Amino acid sequence: YLCLYIMVEIKLKNVRCYSYHGCLKEESLIGSEYLVNLWVKTTLGKSHLTDALKDAVDYVFLNNIIKEEMSVPRKLLEVVAKKICTRILVEEKRVSEVTVRVGKLCPPINGDAESVSVKITEKRGKKI
């Protein structure tokens, strides 16, 4: 079937998390709000024929990885984003590429910024 190789992009938009990331002591104590955006690329496979979740990449599974990794306090958003990418590629073999953006709302940067974010893209078998 030609449809087996149709590329599909799945996006989880603005997954809201309250987490304790940051280099400042206060950030690890009081925490702050984060928005995570996730894009994964996969192929359509046979899901369009079976209409079965087992033949598709499960959005709930992706969301659970985001929530689990966001719950582990880390100093750098780069580390959080990389952990999310790596887990998805390791645990869901049908995903060929992952892009994740982790944004901290109202960051303590001694200025007026709505957010700061880090965006990482990783492909299966390669680092970008």
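Is Asn-37 buried or exposed? At 8% relative accessibility, Asn-37 counts as buried. Here buried means under 20% relative accessible area, exposed means over 50%, and partly exposed lies in between (1.4 Å probe, protein chains only). The structure is a predicted model, in which local features need pLDDT of at least 70, side-chain atom pairs count only at pLDDT 80 or more, and totals for chains, interfaces and linings use all residues. Residues are numbered from 1 along each chain as its sequence is written, and side-chain values use heavy atoms, with hydrogens and water left out.

The overall layout comes next. The protein has 4 helices and 5 strands. Both kinds of element are DSSP runs, numbered from the N terminus: helices are H or I with at least four residues, strands are E with at least two. From the N terminus on, the order is β-α-β-α-α-α-β-β-β. Along the principal axes, the C-alpha atoms fill a box of roughly 55 × 25 × 25 Å. Of the 128 residues, 38% count as buried. Among contacts with a separation of 6 or more, 63% join residues 24 or more positions apart. A contact means heavy atoms within 4.5 Å.

Asn-37 sits in strand β2 (residues 32-43). Its side chain reaches the backbone nitrogen of Asn-14 at 2.8 Å. This pair is a polar contact: N or O atoms within 3.5 Å, where, within protein, one must be able to donate a hydrogen and the other to accept it, and residues adjacent in sequence count only if both atoms are side-chain atoms. Leaving aside neighbours within four places in sequence, Asn-37 is in contact with Lys-11, Leu-12, Lys-13, Asn-14, Thr-99, Val-100 and Arg-101.

Ser-19 belongs to strand β1. Ser-19 is buried, with a relative accessible area of 1%. A polar atom of its side chain lies 2.9 Å from the backbone oxygen of Met-70. Beyond neighbours within four places in sequence, Ser-19 is in contact with Gly-31, Ser-32, Tyr-34 and Met-70. Ser-19 and Ser-117 are 98 residues apart in sequence, and their C-alpha atoms are 14 Å apart in space.

Helix α3 covers residues 59-70. At 1.5 Å a residue, its 12 residues should span 16 Å, and its end C-alpha atoms are 17 Å apart, which agrees. The expected span is 1.5 Å times one less than the number of residues. Asp-58 caps the N-terminal end of α3, with a side-chain oxygen 2.9 Å from the backbone nitrogen of Val-60. Which residues of α3 are buried? They are Leu-62, Ile-65, Ile-66, Glu-69 and Met-70. Seen down the axis of α3, these buried residues fall within an arc of 125 degrees, so they line one face of the helix. The arc is taken from the directions from the helix axis to the C-beta atoms. The buried residues of α3 pack against β1 (7-19), β2, α4 (77-91) and β3 (97-105).

In the loop between α2 (47-50) and α3 lies Asp-55. Asp-55 is buried, with a relative accessible area of 12%. Its side chain makes a polar contact of 2.7 Å with the side chain of Thr-50. Another polar contact, of 3.4 Å, joins the side chains of Asp-55 and Lys-54.

In soluble globular proteins, nonpolar side chains tend to be buried together. A nonpolar core is a set of buried Ala, Val, Leu, Ile, Met, Phe, Trp, Tyr and Cys residues joined through side-chain atoms within 4.5 Å. The largest such core has 26 residues, of which Leu-38, Ile-66, Ile-84, Ile-88 and Val-102 touch the most other members. The elements that give two or more residues to this core are β1, β2, α3, α4, β3 and β4 (115-123). The largest share, 7 residues, comes from α4. Leaving out residues up to four places away in sequence, Val-102 touches partners that include Tyr-34, Met-70, Ile-84 and Val-118.

The cysteines remain. A disulfide is a pair of cysteine sulfur atoms within 2.5 Å. By this rule the count comes to 0 disulfides. For Cys-17, the nearest cysteine sulfur is that of Cys-85, 15 Å away. For Cys-23, the nearest cysteine sulfur is that of Cys-106, 18 Å away. At 9% relative accessibility, Cys-17 counts as buried, whereas Cys-23, at 55%, counts as exposed.
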